[in-house]
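Here are my notes on this model, point by point. Please keep the viewer open while you read.

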Amino acid sequence: MAVQSGKFLTFALGDEEYGIPIQSVKEINGILEITNIPKMPKFIKGVINLRGKIIPVIDLRLKFALQAIDYTERTCIIVVEMNAGETKHRLMGVVVDTVSEVVNILATDIEEPPVFENSTDISFITGIG
């Protein structure tokens, strides 16, 4: 997969910084009321009602198998648009510790993700800048 340069919204989970292409970000909110959905994996926190749209919310700390922490005034839900096929786009909320900034990263400053010998799933990593 070719890594693209451009603007990325950066956010923190613990001591690490991650980024999402800015064109995928629809909005950033503080923690909203999340309605629990029974029998879901722990990382799926539930759904939010955002101006009449029901949006699923995942906690990236839990998805990435990091220790859960209490939400603070800096905890945010980033609403992103995800591709769900060639013509479908879905909104999803992701809970992060803090939103940092928007940065411009050149393709020459982004390296391909590492290759691991075992079957570790790193499909969520498109590059390391």
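**Notes on the sheets and their contacts**

1. β1 and strand β2 (residues 16-21) are paired antiparallel, with six bridges between them. Strands pair here if DSSP finds at least two bridges between them. Strands (E, at least two residues) and helices (H or I, at least four) are DSSP runs, numbered from the N terminus. Two of the bridge partners in β2 can be picked out: proline 21 for phenylalanine 8, and isoleucine 20 for leucine 9.

2. A word on the source. This is a predicted model, in which local features need pLDDT of at least 70 and side-chain atom pairs count only at pLDDT 80 or more, while totals for chains, interfaces and linings use all residues. Residues are numbered from 1 along each chain as its sequence is written, and side-chain values use heavy atoms, with hydrogens and water left out.

3. The hairpin of β1 and β2 has two residues between the strands. Glycine 14 in this hairpin takes a positive phi near 65 degrees.

4. On to the other partner of β1. Six bridges, again antiparallel, join β1 to strand β8 (residues 98-105). Alanine 12 has threonine 98 as its bridge partner in β8.

5. Is strand β1 buried or exposed? Seven of the eight residues of β1 (residues 6-13) are buried, so the strand is largely enclosed by the rest of the structure. Buried means under 20% relative accessible area, exposed over 50%, and partly exposed in between (1.4 Å probe, protein chains only).

6. Now the aromatic rings. The structure holds two aromatic pairs. Phenylalanine 11 and tyrosine 18 make a stacked pair, 5.8 Å centre to centre with 20 degrees between the planes. Tyrosine 18 and phenylalanine 64 make a tilted pair, 5.7 Å centre to centre with 45 degrees between the planes. Rings of Phe, Tyr and Trp (its six-membered ring) pair if their centres lie within 6.5 Å; planes under 30 degrees apart are stacked, over 60 edge-to-face, and the rest tilted.

7. Which residues do the ring pairs link into a cluster? They are Phe11, Tyr18 and Phe64. Phenylalanine 11 is buried at 3% relative accessibility. Tyrosine 18 is partly exposed at 28%, and phenylalanine 64 is partly exposed at 22%. Tyrosine 18 lies in strand β2 and phenylalanine 64 in the loop between α1 (60-63) and β6, so their pair ties together parts that are 46 residues apart in sequence.

8. Aspartate 97 deserves a look. It is found in the loop between β7 (89-96) and β8. Its relative accessible area is 13%, so aspartate 97 counts as buried. A polar atom of its side chain lies 2.6 Å from the backbone nitrogen of glycine 14. Leaving aside neighbours within four places in sequence, aspartate 97 is in contact (heavy atoms within 4.5 Å) with residues including Gly14, Arg61, Arg74 and Cys76.

9. Next, the other sheet. Five strands form an open sheet in the order β3-β6-β7-β5-β4, with mixed pairing. β3 (25-30) and β4 (44-50) stand at the edges with a single partner each, so one side of each is left without a neighbour in the sheet. Neighbouring strands of this sheet are turned by 30 degrees against each other on average, direction ignored. Five bridges join β3 to the antiparallel strand β6 (residues 76-83). Valine 80 in β6 is the bridge partner of valine 25.

10. Last, isoleucine 37, in the loop between β3 and β4. Isoleucine 37 is partly exposed, with a relative accessible area of 32%. Not counting residues up to four places away in sequence, isoleucine 37 touches Gly46 and Val47. The C-alpha atoms of isoleucine 37 and valine 47 are separated by 7.5 Å.

Definitions and conventions
Axes are lines fitted to C-alpha atoms, for helices over the stretch in contact, and angles run from 0 to 180 degrees between N-to-C directions. A polar contact is a pair of N or O atoms within 3.5 Å; within protein, one must be able to donate a hydrogen and the other to accept it, and residues adjacent in sequence count only if both atoms are side-chain atoms.
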